[in-house]
Amino acid sequence: MTGSREWPVWVIWAVLAGASVLGFVLAEGYASPPVAATVAIILAALKIHLVFDQYMEVHWGHRPLRPILGIWLAASTVILLIGYWAA
Amino acid sequence: MREAVQADLASANSQSATDDTIPPGDSGVWVFIIADMCAFALFFVLFAAGRIAQPEVYEASRQQLDGAIGLANTLILLTSGAFMAQAVRAARKGNRAATLSGLGLALGVGLLFGITKAFEWSAKLNQGIGLTTNEFFTYYFVFTGIHFLHFVVGIGVLFALIARVRKFDLDTTQQRWIESGGAYWHMVDLLWIVLFAMLYLMRAA
Amino acid sequence: MEGKVDTRYWRFCLWMGPTFVLVFFLCWGVLGHNFPPFPPDTPASEVAGWFRENHNGVKLGMVIAMTFAPAYGVWGYALAKILGQVIRDEHNIIVQLARLGAAWTTMAILIATSFWLTAAFRPDALPDWMIQLLYDMAWLLIDLAYAVTSVQLFALGIGFLADKREVPLIPKWLAWYGIWVGFMFAAECLMPYFMNGAFARNGILNFWIEFLIWMVWVPYLTICGFKAIGRIEQE
């Protein structure tokens, strides 16, 4: 599996920007704090996944790079979730 | 039909983007990027540990940040990143004019990040909030400060890429340079995505 | 080109790098109570008490550390020779900067270690705060002198990247790693602002990570240096 192919740049931008605005709006009080924070962290992870895949153009066939980036993203997401939920 | 599209892309992209084993850019640059991202992962651990130890301090401090500026910074970097991605794609197609305009716009939009950041920091300092106010603000200033240094280097890289594209032909070496610079610029972008969520959006119950 | 390169003594000089790291770790680090250091918020009486009790060990450690400080410069000079072959120009400014960075680092190490030695010279005659002052001064110098080592790291990194060979003498990833280390050293600028935590002189970032990434770079670059010398001799 080599991952997805190129999407148009501005489609990617719209998804990334939309996710950013959504995370912000939820955190501003349109969702309960735990939901807003958790969604914001997960949205950040999805955005970064999209950046790896589409903007950096690193596909799963690029070993060991893509797995390393994947581990980094998973670890960073878990760290933030623990930082939130264990507090 | 899908195959036809892929074949089209394959012929349009001269080098690495369609190569399933070699990532775009210089492999050494990726060492730099991974090492750097690992350093930031350590920052996230520090922040999470600090937040677990003092949740009230972190939440009270977080409320003093201006989330709208954080969002503006995110959108600025995402937009600049989109222009960068366009420049990389144009370079691979050998389109020099589009490459130059992509790089120029990535640079122009990117510079706005410096302005909003200066504005945000000075507002904090004017409120009497500084590096040693509390642990949250230590991390806030240090992490966004180190991120800002990366941003400054990225701006330098964009200037250098523009100069190179003006001077030399868009050959494969040149494409590699642009891909490498692009990967770095996107790293600056994605690190900010985490910082934005971590510093601004983790609202405590 | 103009005949074979004279590589006599290069290997010996290159050995000086790992030798320096080992000796410095044992003498400055272990004997001198610098690995890890006293946290900045340690009371002056505690630091002074430790110096008074262990002054002989500190003296021995610092004397040997100072004796071996030039080993870092010697190693750096050998690397600059290899760099001269990488870019095929001994007089290039990058080569000169790589050399200077190593020499400046040696000076910084020498001066800083002399402060720790001073603290151990007659600790019974010195007030607590003065011993603490010398200890702080040495740490502030050795950490904030990061920039001179960064000159070496950047010069070597940029120079190694300019290798036009099919297979570079020094791997490109290592060149980039060195540049990254030089960049990361800038975190030392935070050190004077913190009495505890990750950015203090004994903190996870400003002590453990910074030393670790540098201590990986020295031996690995040395190994690659040996391989490079072998190839230079065959070219």
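Q: Quick one to start: is Phe25(C) buried, partly exposed or exposed?
A: In this predicted model, Phe25(C) is partly exposed, and its relative accessible area comes to 29%.

Q: And what about Phe35(C), buried or exposed or something in between?
A: Phe35(C) is also described as partly exposed, with a relative accessible area of 24%.

Q: Okay, how are the rings of Phe25(C) and Phe35(C) arranged?
A: They form an aromatic pair of the edge-to-face kind, with 5.0 Å from centre to centre and 85° between the planes. Phe25(C) belongs to helix α1 of chain C, residues 10-31, whereas Phe35(C) sits in the loop between α1 and α2, so the pair ties together parts that are 10 residues apart in sequence.

Q: What about Trp28(C) and Trp139(C), how does that pair look?
A: The ring centres of Trp28(C) and Trp139(C) are 5.6 Å apart and the planes stand at 45°, so this pair counts as tilted. Trp28(C) is in helix α1 of chain C and Trp139(C) in helix α5, residues 128-144 of that chain, so the parts tied together here are 111 residues apart in sequence.

Q: Are those two buried or exposed?
A: Trp28(C) is buried, and Trp139(C) is buried as well.

Q: How many aromatic pairs are there over all chains?
A: The count over all chains comes to 49 aromatic pairs.

Q: Switching to pockets: how much space lies in the largest one?
A: The largest pocket holds about 830 Å³ of space. It is lined by 22 residues, and those closest to its centre are Val29(B), Trp177(B), Ser180(B), Leu161(C) and Trp176(C).

Q: Which elements supply at least two residues of that lining?
A: From chain B they are α2 (27-53), α6 (135-167) and α7 (172-201), and from chain C they are α6 (146-161) and α7 (172-184). The element that gives the most to the lining of the largest pocket is α7(B), with seven residues.

Q: And by class, what is in the lining of the largest pocket?
A: The lining of the largest pocket has 14 nonpolar residues, together with four polar and four charged ones.

Q: What about the second largest pocket, how much space is there?
A: About 410 Å³ of space lies in the second largest pocket. Its lining consists of 20 residues, of which Val142(B), Gly145(B), Ile146(B), Leu149(B) and Leu190(C) are the closest to the centre. Two or more residues of this lining come from each of α2 and α6 of chain B and α7 of chain C.

Q: Now cavities: how many of 30 Å³ or more does the structure hold?
A: There are six cavities of 30 Å³ or more in the structure, and the largest cavity has a volume of about 290 Å³.

Q: Which residues lie nearest the centre of the largest cavity?
A: Of the 16 residues that line the largest cavity, the ones nearest its centre are Ile142(C), Thr149(C), Phe185(C), Phe211(C) and Trp214(C). The elements of chain C that give two or more residues to this lining are α1, α4 (93-121), α5, α6 and α8 (204-234). The lining of the largest cavity divides into 11 nonpolar, two polar and three charged residues.

Q: And the second largest cavity, what is its volume and which residues line it?
A: The second largest cavity has a volume of about 60 Å³. Its lining includes Tyr55(A), Met56(A) and Glu57(A) from chain A, and among the residues from chain B are Pro24(B), Trp30(B), Arg92(B) and His186(B). Two or more residues are given by each of α4 (67-92) and α7 of chain B, and α7(B) gives the most, with four residues.

Q: Last topic, chain A: how many helices and strands does it have?
A: Chain A has three helices and zero strands, and 53% of its 87 residues count as buried. Its C-alpha atoms fill a box of roughly 40 × 30 × 15 Å along the principal axes.

Q: What lies over the face of Trp60(A)?
A: Arg66(A) lies over that face, at 4.2 Å from the ring centre of Trp60(A).

Definitions and conventions: Residues are numbered from 1 along each chain as its sequence is written. Chains are lettered from A and ligands numbered from 1 in the order in which they are written. This is a predicted model: local features need pLDDT of at least 70, side-chain atom pairs count only at pLDDT 80 or more; totals for chains, interfaces and linings use all residues. Side-chain values use heavy atoms; hydrogens and water are left out. On a 1 Å grid over the protein atoms alone, a cavity is a set of points where a 1.4 Å probe fits but cannot get out, and a pocket is an open set with protein on both sides within 12 Å along at least five of seven lines; lining residues have an atom within 4 Å of a point. Grid points are joined across faces, edges and corners, and a volume is the space filled by probe spheres set on the points. Ala, Val, Leu, Ile, Met, Phe, Trp, Tyr, Cys and Pro count as nonpolar, Asp, Glu, Lys and Arg as charged, and the others, Gly among them, as polar. Rings of Phe, Tyr and Trp (its six-membered ring) pair if their centres lie within 6.5 Å; planes under 30 degrees apart count as stacked, over 60 as edge-to-face and the rest as tilted. Buried means under 20% relative accessible area, exposed over 50%, partly exposed in between (1.4 Å probe, protein chains only). A charge sits over a ring if NZ of Lys or CZ of Arg is within 6 Å of the ring centre and within 35 degrees of the ring normal.
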